[in-house]
Amino acid sequence: MSIQVEHISKRFGTFVALENVNLRIETGELVALLGPSGGGKTTLLRIIAGLELPDCGAIRLHDEDATSSSVRERHVGFVFQHYALFRHMTVHQNIAFGLEVRSKETRPSKAEINDRVKKLLQLIQLDYVGDRYPSQLSGGQRQRVALARALAVEPKVLLLDEPFGALDAKVRRELRAWLRRLHDELHIASVFVTHDQEEALEVSDRVAILNHGRVEQVGTPSEVRRNPVNEFVRDFLSNEALSIRESSR
Amino acid sequence: MANAAAQLAKPRSLARRDPAIVQVTLTVLALLSLAVVILLPLLAVFIQAFEKGWSAYLDAIRDPYTRSAIWLSLSTVGVSVPLNLVFGVAAAWAITKFNFIGKHVLVTLIDIPFGVSPVVSGLIYVLVFGAQGWFGEWLGDHDIRIIFAVPGIILATTFVTFPFVARELIPLMQSQGTDEEEAALVLGASGWQMFWRITLPNVKWGLLYGLVLCLARALGEFGAVSVVSGHIRSETNTLPLHVEILYNEYNYSGAFAVATLLSVIAVIALVLKKILEWKTDEEAR
């Protein structure tokens, strides 16, 4: 499953969020959308998911035009920045939700759903939290549950909005490596938004650097590091690297 | 030197003792005023009601006019509270989850019943639906009675209690945001499934809280209903109106007996309200 972003533009009032953005993400690829806040990363992710409508341009999912498809028709997995777990449901119910809302013809049986949820809980190494509520979990646990919930419907496209933003540095590093392994096992197209260049360069196959609604550069981590196309990319990468080194001291 | 030290020490210890005195005085004052303003009258209602004994009390409650008033009050609540449940949820939902032109107008409109005197709210309906009102002639021709009939009472009660559910839900829904709804949609839920499985369960305690307030007010509403009712016994007489009629007829024990019914409901509503308040706080977190 590939994701194709074609000439996407989006304005909010007079604010230009995205301008003529083009990007292609192949199956098996993990792509990072990197850039300063307000650069349009999250808006692009939400447009791919169908949570936001572009002013012009097209979104193609596995080479079929999905621009006018509704969110539910796109079958994407989406992990929200603040996880958006259903607060009145247990972890188990949260993960089962995507399967239980299916129409009768396509809904798996109760036993199958239970089975799938258990497998996912094992996958995220949290099989002991099934009966807990989201408020009883730590940040890292919530993050993993949100991921399991998104994966329950077996999406071919996984979109993650600042997946590690709210976590402390140690948990963040662990989850990062874990996400990379998971992505490789699932063979899906994944896109994640981050403003942390270390994270983007370390985890992803390719990085798309966004600023003021434009894609400044797309390339593998080593490409963008070695050959930044312009002043902004060079500055952004080096400043970020500096500030991270400073803060980890 | 010692004197000076004592003088220095004195105001400090006083400063430490002062709040205690203030605290005790304020607490006693608050409790006293509560007792005089609320507890005493409540007690008086029950004492007056049982003045002529238990059997007289039961007779007053069993009186056919009283029973029809109870029935009318319950049916009015039975219609207007569900109506306000639907209106309130729809209004809160629209205001908190969507952006549209006229949103602020809607928010202001919801508050009108809080600002307008209930008597005026009643008069509005008389002006619109009464015999001399805008639609009076047409309604008369079609033999539809709204004013001085049950529909008018229901309309007036619904109007007066309109803000309770919406007012309770709007801040709660605002604080919860739309993330969970979006997550449900991405996971493949339809609009209805999202509403029934996510939106509504997330606000259930706040909704119940609003409904209890709405119900208590609907049962007790006097002003607006008084204007549109016409006070026809066993036809358009609600419980609060019936209390007034009995009182005006010098049937004190009867009036107070009926009043105890309203008081008991009020106390139950108060306890429920407290419990739900606590549950709603949990929800907002």
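This is a predicted model: local features need pLDDT of at least 70, side-chain atom pairs count only at pLDDT 80 or more; totals for chains, interfaces and linings use all residues.
Chain A holds an open sheet of four strands. The strand order is β2-β1-β4-β5, and the pairing is antiparallel. At the edges stand β2(A) and β5(A), the latter covering residues 64–65. Each of these two has a single partner strand, so one side of each has no neighbour in the sheet.

Start with β1(A), residues 3–12, and β2(A), residues 15–25. They pair in the antiparallel sense over seven bridges. The two strands form a hairpin, with two residues between them. Gly13(A) lies in the turn and has a positive phi of about 65°. Ile8(A) stands opposite Val21(A) in β2(A). Ile3(A) stands opposite Ile25(A), also in β2(A).

β1(A) also pairs with β4(A), residues 56–61. This pairing is antiparallel too, over five bridges. Here Val5(A) faces its opposite residue, Ile59(A) in β4(A).

A helix packs on this sheet: α1(A), residues 41–49. It touches β1, β2 and β4 of chain A. The direction of α1(A) makes about 120° with that of β1(A).

Val191(A) sits in strand β8(A), residues 189–194. Is Val191(A) buried or exposed? Val191(A) is buried, because 26 other C-beta atoms lie within 10 Å, where 20 or more are needed.

Which residues touch Val191(A), leaving aside neighbours within four places in sequence? They are Ile3(A), Ile25(A), Val31(A), Leu33(A), Leu45(A), Ile48(A) and Leu159(A). Asp168(A) is another matter. Asp168(A) and Val191(A) are 23 residues apart along the chain, and their C-alpha atoms are separated by 22 Å.

## A covered helix

Helix α3(A) spans residues 91–100 and is mostly covered. Seven of its ten residues are buried. These are Val91(A), Asn94(A), Ile95(A), Ala96(A), Phe97(A), Gly98(A) and Leu99(A). The cover over them includes two other helices of chain A, α4 (110–123) and α5 (139–151).

Two packed helices are described by the angle between their axes and the distance between the axes. The table sets out two such pairs.

| Helices of chain B | Axes come within | Crossing angle |
|---|---|---|
| α11(B) (residues 204–220) and α14(B) (residues 252–284) | 8 Å | roughly 160° |
| α3(B) (residues 64–97) and α7(B) (residues 150–160) | 9 Å | roughly 40° |

Take α11(B) and α14(B). Their axes cross at roughly 160°. The two helices are therefore roughly antiparallel to each other. The crossing is left-handed. On the α11(B) side, the contact residues include Trp205(B), Leu208(B), Tyr209(B) and Val212(B). On the α14(B) side, they include Leu262(B), Ile265(B), Lys273(B) and Glu277(B). By class, this contact has 14 nonpolar, three polar and four charged residues.

Now take α3(B) and α7(B). Their axes cross at roughly 40°. These helices are therefore oblique to each other. Their crossing is right-handed. α3(B) contributes Thr76(B), Val79(B), Ser80(B), Leu83(B) and Asn84(B). α7(B) contributes Ile153(B), Ile154(B), Thr157(B) and Thr158(B). The contact of α3(B) with α7(B) has four nonpolar and five polar residues, and no charged ones.

## Where the chains meet

How many residues of each chain take part in the contact between B and A? There are 14 from chain B and 17 from chain A. On the chain B side, α9(B) (179–186) and α10(B) (191–202) each supply at least two residues. α9(B) gives the most, with six residues. By class, the side of chain B that touches chain A has seven nonpolar, four polar and three charged residues.

Definitions and conventions
Residues are numbered from 1 along each chain as its sequence is written. Chains are lettered from A and ligands numbered from 1 in the order in which they are written. A residue is buried if 20 or more other C-beta atoms lie within 10 Å of its own, exposed if 12 or fewer, and partly exposed in between; C-beta atoms are placed from the backbone. Two residues are in contact if their C-beta atoms, placed from the backbone, lie within 7 Å. Axes are lines fitted to C-alpha atoms, for helices over the stretch in contact, and angles run from 0 to 180 degrees between N-to-C directions. Angles under 35 degrees count as roughly parallel, over 145 as roughly antiparallel, 65 to 115 as roughly perpendicular and the rest as oblique. A crossing is left-handed if the near helix is turned anticlockwise from the far one by less than a right angle, and right-handed if clockwise. Ala, Val, Leu, Ile, Met, Phe, Trp, Tyr, Cys and Pro count as nonpolar, Asp, Glu, Lys and Arg as charged, and the others, Gly among them, as polar. Two strands pair if DSSP finds at least two bridges between them.
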